[in-house]
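Trainee: I am new to this structure and would like to go through it piece by piece. Could we take it as questions and answers?

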Amino acid sequence: MMAKTMTSITSTSLFIRRNKASLSTLFFLVVMMTCFLIANPKVFTNAAIYNAVFITLPVAIFLVVPLVFTVTGGEIDLSFPSNMAMASWVFSLLIQKGMPPVLGLIVAIGVGMGIGVIIGLIVVYGHLSSLVCTLGFNFFLRGFIMILTEGRSITVLEVQDGLFHNVLAGTFLGLPAQMGWALLFTLICVLVFNRHCYGVRVRCVGDNPQSAEQMGINVNRVRISFFIFVGLGASLAGVFSVLINFSWWPTTGDGYLLTALASVFVGGTPTWGGVGTVVGGALGATIVSFMETGVVAAGLTGFYVQFFKGLIIILSLLAHRYSSKRYR
Amino acid sequence: MKSPIITLQDISKSFGNVYALDGVSLQVKAGEVVGLIGDNGAGKSTLIKILAGVYTPDSGAIRLKDQPVTDWNASRSRQSGIETVFQDRALVVQQTIVRNIFMGRETAGSSASLLSRLGFIDHKSQYAEAERLMRDIGFTSEVFTPDSIVGTLSGGERQGVAIARALYFDAELIILDEPTTALSLTETEKVFSFVRNVKASGRSVVFIGHNIYHVFGIADRFVVLDRGKVVLECTKEDYQTPEELIGFMQQVAQSEGGTPSGSSEE
Ligand SMILES: Nc1ncnc2c1ncn2[C@@H]1O[C@H](COP(=O)(O)OP(=O)(O)O)[C@@H](O)[C@H]1O
Ligand SMILES: [Mg+2]
């Protein structure tokens, strides 16, 4: 009896110790929502605001979760906004040409991952800084899109009311279906990150690439995979954004560059590599999304959004400072 | 005549204009303990990193059990039954002890379930394996479990993790690169008894050290490297005391002392 209580206490404390980063992110989310609730109870007890957030939050989650892998692996990818636009551009064009949307989705994923392969090969075998190289790619791909489209957007009304749209981005149990897909994506990624040898290798490579190499991990291959994975997430985010808006803009994805990146760190993944949290990343994306909607809903003008976003990023980093320690 | 496990033939390796190895040959036979000796910068670590598949030699051949090998790399080397405790220990310090022990072979030690065939890790059985290993190595501290972060361990305990990892995979050949540096006396003694156990079980060891007294006590055969070249290969019959060996090495150092081969920078 005694022993049983003891083990349950130690296993609880072990759970807390292992999930410090994501738990403190969750705590932060709860505090923030409480503040919003106090500031404007009428808006925040109404389901409408949650629905509004859940419509676009999935797009952010598809971007943030792969970025958690990348940052944990000691790299960074800033090309995802343009990659998102490229993949969804191809998707929109194919739909317009009358291709079945499922095939369009597959091709879009291929485009996103293909761009990831190219970027990964260049970064790894060119021995380039992933920060600068992917930043370059972000401009380059966006410029490419702008030149070819001359800045024109595409309307994709073809998918409206179709099975494809309803399954991916319709309404399910009164909630946006895309939220379910984003949760499923997060769940799979949590399992891969924590339980699969790929996730373990990502952490080893981010922790100490020389050690990983010496123990026989193919470090180059793992590093290239980060960019492919980000490409996968970007293409999914792009397709979902087209399905949600029924249109594609040449600027698609632009607004996500800094917010998706911030979400990774707000979620509790440190900048130095080796450790990270997928759940934290998804929660970080949630924090940032509610922030954007919440500030306006709380009765402040849109001018305050950036102000509070910045404040929350700084506060959350301070909070994580106390929960995460870097071992050398 | 015992069969060779691995043979390096005429290996050269340079870093920029530093010739770390210049035509070195080395053979390790089954069941023997080879002591690899030499000053700092002699090329010992470079040589064993070539054995371990971490570095590719500029020229020379590697033969595994008398078969020539191509595409030698770290993962191939481990698959062939060679485990290495590197001088820098090759640990990932922000990860747990279990993760370090199974690094590079993440699905090892799992039951053959569908999930593990898909690459998922059986943490429970790996945890049990790690616990057993830590006990074998003499990791007695009650504070640490296999789930402790390696960054919280002392230098000697970290060396214990690196050795436990080499021990786990039933390697035919275990390479230890200066394993006793920065260890306490009792920890050093543990490493020696570990080497004796490995030898007793019929497996081979390459033991690197620059403390000749240490190496002399446990090795059957010695290979002395100096500035990228093998200057002496001998058995205990040739040199019966460490002092004789030290005398030889001092001779070598004097005779070549003036020649600038550019390999002695640290
Ligand atoms: N990765 C490397 N890059 C450049 N030079 C190296 C590298 N590794 C070793 N060296 C050089 O090669 C020589 C041999 O080094 P090493 O094999 O580490 O010697 P030892 O282990 O015997 O002390 C030294 O001069 C060292 O500076
Ligand atoms: Mg060395």
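Trainee: How many residues does helix H7 of chain B have, and what distance does H7(B) reach from its first C-alpha to its last?
Mentor: Keep in mind that this is a predicted model. Helix H7 of chain B runs over residues 185-200, which gives 16 residues. At 1.5 Å a residue the expected span is 22 Å, and the helix comes close to that with 23 Å.

Trainee: Which residues of H7(B) are buried, and on how wide an arc around the axis do they lie?
Mentor: The buried residues of H7(B) are Thr188(B), Val191(B), Phe192(B), Phe194(B), Val195(B) and Val198(B). They sit on the same side of H7(B), because the arc they cover around the axis is only 155°.

Trainee: Which exposed residues does the face of H7(B) turned away from the buried side carry?
Mentor: Look at the face turned away from the buried side of H7(B). The exposed residues there are Leu185(B), Thr186(B), Asn197(B) and Ala200(B).

Trainee: What covers the buried residues of H7(B)?
Mentor: Both strands and helices of chain B take part in the cover. Among the strands are S3 (33-37), S7 (173-177) and S8 (204-209). The helices include H5 (123-137), H6 (155-168) and H8 (212-218).

Trainee: Which residue with a positive phi follows H7(B)?
Mentor: The phi in question is near 85°. The residue is Gly202(B).

Trainee: Is Ser45(B) buried or exposed?
Mentor: The cut-off for buried is under 20% relative accessible area. Ser45(B) has 19%, so this residue counts as buried.

Trainee: Which residues form the salt bridge across the interface of chain B and chain A?
Mentor: The contact takes 29 residues from chain B and 25 residues from chain A. The two chains bury about 2,300 Å² between them, 59% of it on carbon and sulfur atoms. Across this interface the rule finds one salt bridge. With the closest N and O atoms 3.0 Å apart, its partners are Glu106(B) and Arg201(A).

Trainee: How many residues apart are Glu172(B) and Lys65(B), which form a salt bridge?
Mentor: Their closest N and O atoms are 2.7 Å apart. Glu172(B) is in the loop between H6 and S7, and Lys65(B) in the loop between S4 and strand S5 (67-68). The pair links distant parts of chain B, and the separation is 107 residues.

Trainee: Which residue of chain B forms a salt bridge with Asp58(B)?
Mentor: Asp58(B) is partly exposed, with a relative accessible area of 47%. The N to O distance is 4.0 Å, and the partner is Lys13(B).

Trainee: Which residues is Thr286(A) in contact with, leaving aside its neighbours within four places in sequence?
Mentor: Thr286(A) has its place in helix H14 (residues 278-297) of chain A. With a relative accessible area of 12%, Thr286(A) is buried. Its contacts, with those neighbours left aside, are Leu29(A) and Leu57(A).

Technical notes
Residues are numbered from 1 along each chain as its sequence is written. Chains are lettered from A and ligands numbered from 1 in the order in which they are written. This is a predicted model: local features need pLDDT of at least 70, side-chain atom pairs count only at pLDDT 80 or more; totals for chains, interfaces and linings use all residues. Side-chain values use heavy atoms; hydrogens and water are left out. Buried means under 20% relative accessible area, exposed over 50%, partly exposed in between (1.4 Å probe, protein chains only). Helices (H or I, at least four residues) and strands (E, at least two) are DSSP runs, numbered from the N terminus. The expected span of a helix is 1.5 Å times one less than its number of residues. The arc is that of the directions from the helix axis to the C-beta atoms. Contact means heavy atoms within 4.5 Å. Buried area is the accessible area (1.4 Å probe) that two parts lose on being put together, summed over both. A salt bridge is a side-chain nitrogen of Lys or Arg within 4 Å of a carboxyl oxygen of Asp or Glu.
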